[in-house]
Amino acid sequence: MDIRIKFLGGAGSVTGSKFLLMIDDFNLLIDCGLFQGLKELRLRNWDDLPIDPDSIDTVLLTHAHIDHSGYLPLLFKNGFGGKIHCTEPTRELAEILLTDSAKLQEEEAEFANRKGYSKHNPAKPLYKVEDALDVMHSFKSHPFEKTFRIHDQIEVRFFHAGHILGAASIEVKIYTSQGTKKLVFSGDLGPMHSPLHVAPSNPPDADILFMESTYGARNHKDQNLEAELRQLIMESDKLGGCILIPAFSLGRTQLVLYYLWKIFQNMRSRPIYVDSPMAISVTRLYKQFTSYHRLESDSEFGHHIFDAPFVHYVTEQSKSKVLNTIKDRAIIISASGMATGGRILHHLYHRLPNKQDTILFTGFLPEGTRGKDIANEEPKVKIFGEDVDVRARVHVLDGLSAHADQDELMEWSGHIKKAPKMTFLIHGEKEQSYILKQRIEGKGWNVTIPDYLETFTLYDHV
């Protein structure tokens, strides 16, 4: 049995995760994400995969984020006919995120064609809503910690990664003539002490380890998030403006609501508008899957944090536009978190030129995203093909990250008692991965940072 790995994404970048595990003639794809951020990365989404989709037998999905799942509709459209295995919340979240991704692509293509600012004539989406709905029939969900078989010689187990609702690390056991080979894929690991999500489970011993390195060179600041956010609200009141929060619909929006709920127990509340249909749908799933996160449920159907009287859910686009007329003392949470698409663009278009307003980012912003340009206080950013002045106050709240930091990554991997034969650092920008590599090598481990499209032989004739 020959076992090889090819890095189709998530190598040298924090996006487009796709790891092709080739076990003789059985092709297993771990994650199937879209590239985001820099244009040179996004263009890869339009390239043909270096393997025919119909030759891929099975997909294992760590979690629902688009940079891990967003290519699935295109994979299915181009011939993939196997099963997609994931946890129960991930299956529900993937349907929300994939259909939303397709809808945004269709809307942006239509808008670009109408405004005439696309270089392509006509502009087209990568895939449509019907493609996203079609691929959902291939999903098969599994509970955490329950082993299942995907091949006569391959067993899989999901265990908690703590990153978002339903996020998993994956253990793949391959039974060979020379014994069992254990491969562990960390997926995206969450922080150890999130008030919202469960902590990552300790990993089992691994012969081959694939570990994310998003914050491989950084540790989160020791900060009082409640105090920082409370101060920001008071400063916004003095300025006489609103706070606009670009936030990921999944995980980040719910965590922001948690902190605002805590703050407003001890100070006068402000109206909070959650202006993202996807975030609203995701919040319903947090109410449904109460055993998968740390918040206690008030009743069978809801939670007081998500149903607070000062929280207003905006579903209609016409009401979304009305939010742009609010002058002060309001908090608007909208997607996407990197300001790459969605309703947030309309709000940024109207509020970036306003000195009284505050733009609050709540997490990692990759290079090449509009959010990164705004956070860097570029004088202008392009929205809907127009240059928009950046006059609003811009603030970045780092402590809400859904990723483990360097110390937490070291702590997680430290539970593996015997050094793996090979450790691959994935899903990280090269500087982050390289610094983490040096630290892990200090333990005597063999560490590799793979390049995009690089292939490695893990076992030969086992």
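This is a predicted model: local features need pLDDT of at least 70, side-chain atom pairs count only at pLDDT 80 or more; totals for chains, interfaces and linings use all residues.

Q: Which residue does Arg157 pair with?
A: Arg157 forms a salt bridge with Glu171, and their closest N and O atoms are 3.0 Å apart. Since Arg157 lies in strand E8 (residues 154-160) and Glu171 in strand E9 (residues 168-176), the pair ties together parts that are 14 residues apart in sequence.

Q: Is Arg157 buried or exposed? And what about Glu171, buried or exposed?
A: Arg157 is buried, with a relative accessible area of 15%. Glu171 also counts as buried, at 5% relative accessibility.

Q: Which residues are linked with Arg157 in a network?
A: Glu145, Arg157 and Glu171 are linked in a network of salt bridges.

Q: What does Asp237 form a salt bridge with?
A: The partner of Asp237 is Arg270, with the closest N and O atoms 2.4 Å apart. Asp237 lies in helix H6 (residues 225-239), while Arg270 is in the loop between helix H7 (252-263) and strand E13 (272-275), so this pair ties together parts that are 33 residues apart in sequence. Asp237 counts as partly exposed, at 22% relative accessibility, whereas Arg270 is buried at 6%.

Q: And Lys382, what is its partner?
A: Lys382 forms a salt bridge with Asp387, with 3.3 Å between the closest N and O atoms. Lys382 is partly exposed, at 47% relative accessibility, and Asp387 is exposed, at 53%.

Q: Where does Asp48 lie?
A: Asp48 is in the loop between helix H1 (39-42) and strand E4 (58-60). Asp48 is exposed, with a relative accessible area of 74%.

Q: New topic: how many disulfides does the search find?
A: The search of the whole structure finds zero disulfides. As an example, Cys32 is in no disulfide, and the nearest cysteine sulfur, that of Cys86, is 13 Å away.

Q: Why does that distance rule out a bond?
A: A pair counts as a disulfide only if the two cysteine sulfur atoms are within 2.5 Å, and the sulfur of Cys86 is 13 Å away from that of Cys32.

Q: Is Cys32 buried or exposed?
A: Cys32 is buried, at 0% relative accessibility. Cys242 is likewise buried, at 1%.

Q: Now the backbone. Which residues does a cis peptide bond join?
A: A cis peptide bond joins Ala335 and Ser336, with omega about 15°. Ser336 is in the loop between strand E15 (331-334) and helix H10 (344-351).

Q: What is the phi of Glu377?
A: Glu377 has a positive phi of about 60°, although it is not a glycine. This residue lies in the loop between helix H11 (370-375) and strand E17 (380-383). Glu377 counts as exposed, at 57% relative accessibility.

Q: And what is phi for Leu453?
A: Phi of Leu453 is near 70°, a positive value in a residue other than glycine. Leu453 lies in the loop between strand E21 (447-448) and strand E22 (455-459), and it is partly exposed at 36% relative accessibility.

Conventions:
Residues are numbered from 1 along each chain as its sequence is written. Side-chain values use heavy atoms; hydrogens and water are left out. A salt bridge is a side-chain nitrogen of Lys or Arg within 4 Å of a carboxyl oxygen of Asp or Glu. Helices (H or I, at least four residues) and strands (E, at least two) are DSSP runs, numbered from the N terminus. Buried means under 20% relative accessible area, exposed over 50%, partly exposed in between (1.4 Å probe, protein chains only).
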